[in-house]
Amino acid sequence: MAASPTALLTALLAMATVGNLAAPVAAARAFFVFGDSLVDNGNNNYLATTARADSPPYGIDFPTHRPTGRFSNGLNIPDIISEKLGAEPTLPYLSPELRGEKLLVGANFASAGIGILNDTGLQFVNIVRIPRQLEYFEEYQQRLSSLVGPAQARRLVNQALVLVTLGGNDFVNNYYLVPFSARSRQFTLPDYVSYLISEYKKILLRLQELGARRVLVTGTGPLGCVPAELALRSRDGNCDPELQRAASLFNPQLAQLIRNLNRDIGADVFIAANAFSMHMDFITNPQSYGFVTSKVACCGQGPYNGIGLCTIASSLCPNRNTYAFWDAFHPSERANRIIVSQFMAGSVNYMSPMNLSTVLEMDARA
Ligand SMILES: *[C@@H]1O[C@H](CO)[C@@H](O)[C@H](O)[C@H]1NC(C)=O
Ligand SMILES: *[C@@H]1O[C@H](CO)[C@@H](O)[C@H](O)[C@H]1NC(C)=O
C-alpha cells in the first residue's frame, strides 16, 4: 500500500483526462464480490441455468422496476455496500458493459446456486463455481492492468473491499438437498462442517494471494428459518432444528478460521460478519424491526409462500417493506438494509475484529 487513496484518485483522474473520457471516474475504493445468490448481481443471466432471477416480480422495487438477476425485490447486500462506499453498484463480471473505466469500480463474480464445494448446486448445471470465480478475478486483473498498468492495477486491488458470501448452499443444495444425499452418507454433520471449513480456508488464502487485503466474510444465515425450510420441514412454524444445528456448527468455526488466518498473516485481512445473529434479531422479533412477518415470504406459494419459485403467477405481498423475506430463501431489500447497517456499525458480537465503518476510517488514514 504505497500510495494514499488521494494519490490513486489523482492518478486515475489524470488518466481519465488523458483518455478524454466523459463519464465520471470511480472515486470510491473498488469493490469485489464473490459467492452465491445472496450477492449475485446478475451473472446467471448470461448462463444456461435455472438459478436465475431475471423475470418479474424480481426487481419490482429496483430503481428501474425491472428484474436484473438480483434475488431481491430491490437492492441486494452488495448494492447497499456500494452505496455506503459512495460507489455505483458493481456490474456482474459476465456483463458486456463491464469494460473500460467501469473496471475501476470493481466487479461482481457471484453466481446463484454455488457453494464452497464444487458439487454444490450441481442441479443448476451451468453456474460459476468458486474456482472459476477466482480465475475470472485473475482475468479481470489482467484486463485492468492493460487499462491502467500493472502497478495501478495492483494498488486498486490491494485497496479494494472484498465481500465473500458462501456456505448456505453447501447445506441446502447439497447435504440436505435430498434425504440420504451422497454427502450426508459420506460425512456426519460435524465432519462435513470441518471439511467445508478446510475448503473455505483454501478459497480465502487464494483471495489473499490474488491481492485482496480487506475481505468481509459472511457466515450463513439461520438456514432452518427461511420460508422454504418452514414449508418443507417445519411442523409448527418453528425454525427447523437440524438446519439450525448445521448453521450453529459452521458459523463459529468460520469465525475461528478467520481469527487464525489473521493471526498467521499478522494483519486483519479477513473480517467476520455474524449474519446468523443479524438475521435472528429480526426473525425473533419482526415487529420491532417494522416487519409484519419473518416467516412468510412476500413472493411465492403454498405454506409460508415457501414452495417453488417466485414468479409472475405467485402470490405477492402488497408492501415489500413489511416482509423480512422477499422469496423463499432471500431477504427483502429492507432486511438487506438492516444487515448492511450491522456490517457498518455493529458491535464485536456482529463484526469481528471490527465493523466496516472502523475499517473504512482506518484505511482512509493509512
Ligand atoms: C474443484 O474444481 C477445481 C477445478 O475446477 C479443482 O481445481 C479443485 O481441486 C476442486 N476442488 C475439490 C475440493 O475437489
Ligand atoms: C462500530 O462502528 C461504530 C461507529 O459507527 C463505532 O462507534 C463502534 O465503536 C464500532 N465498533 C467496533 C467494535 O468496531
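I call a residue buried if 20 or more other C-beta atoms lie within 10 Å of its own, exposed if 12 or fewer, and partly exposed in between, with C-beta atoms placed from the backbone. Helices (H or I, at least four residues) and strands (E, at least two) are DSSP runs, numbered from the N terminus. This is a predicted model: local features need pLDDT of at least 70, side-chain atom pairs count only at pLDDT 80 or more, and totals for chains, interfaces and linings use all residues. Residues are numbered from 1 along each chain as its sequence is written, while chains are lettered from A and ligands numbered from 1 in the order in which they are written.

**Helix 7.** I looked up its two faces. Buried here are Tyr192, Val193, Leu196, Tyr200, Leu204 and Leu207. After helix 7 comes Gly211, with a positive phi near 110°.

I found six strands in an open, mixed sheet, ordered 2-1-3-4-5-8. Two strands pair if DSSP finds at least two bridges between them. Strand 2 (106-108) and strand 8 (351-352) are at the edges with a single partner each, so one side of each has no neighbour in the sheet. Strands 5 and 8 run antiparallel, joined by two bridges. Ala272 stands opposite Ser352 in strand 8.
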